[in-house]
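Welcome! Please take a look at the sequence and the structure below before reading on.

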Amino acid sequence: MVIMDSDLRRPRILRPTGRIFTGRVVRFMDGYTREMRVGQPILVAVMTAASLTQVLTLLVRMLLKAGGAGGPARRSFKELKKGPEFLVTPMRLRDAEGQLYEVELHGHLAQSAVHPGDHVQLTLRDQGDPDLPPRIERIVNITTTQWLTPRPPTVWSHFGPPLLLQAFVGVLVVVLVVAWVIAV
């Protein structure tokens, strides 16, 4: 068996180190999902404030003797702690010197927004893990003159408006009670 020099030379995939990277899109790799972690202190604070609102709502219903169900069931602590899953799509790019680089695109982007061969300028952010390539914050597609921003889910979008509204009302009630106690 003869080993050729071309078999030994696989392209080395680098990771950009700067905040701005300009190059051509080579290809999009197969995407996969990654789970976002939710910090326990944030979750405990939001759940506690929302629970206070829920208890106050139940007390008002009891006083007004208004029966009925309390609305849709809230997601459990365990479900909320799990965090949202988001799509991660690794991208391969080539710079002006011909070097091959890899970055990650988090969230969804319109399929027609970027194609292999497009000349792009990326704004990157380090992910804090040396095993992960930097993630894309913004894409300027120089070929089509489009500005694109991928939108992965956030912890706040994972909690949802109803839970956040309950938490806001709970915090507001606590602030009003403390202000009333101080004033009296």
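This is a predicted model: local features need pLDDT of at least 70, side-chain atom pairs count only at pLDDT 80 or more; totals for chains, interfaces and linings use all residues.

Residues are numbered from 1 along each chain as its sequence is written, and side-chain values use heavy atoms, with hydrogens and water left out.

Let us start with helix α2, residues 40-63. Helices (H or I, at least four residues) and strands (E, at least two) are DSSP runs, numbered from the N terminus. At 1.5 Å a residue (times one less than the number of residues), the 24 residues of α2 should span 34 Å, and this agrees with its end C-alpha atoms being 34 Å apart. Among the residues of α2, Leu43 and Met47 are buried, where buried means under 20% relative accessible area, exposed over 50% and partly exposed in between (1.4 Å probe, protein chains only).

Next comes Leu80, in helix α3. Leu80 counts as buried because its relative accessibility is 1%. Its contacts (heavy atoms within 4.5 Å), not counting residues up to four places away in sequence, include Leu43, Met47 and Phe159.

Finally, turn to strand β7, residues 135-141, where five of the seven residues are buried. Strands pair if DSSP finds at least two bridges between them. Six bridges join β7 to β6 in an antiparallel arrangement, and three join β7 to β8, also antiparallel. Val140 stands opposite Trp147 in β8. Four residues lie between β7 and β8 in their hairpin, and Thr145 in the turn has a positive phi of about 55°.
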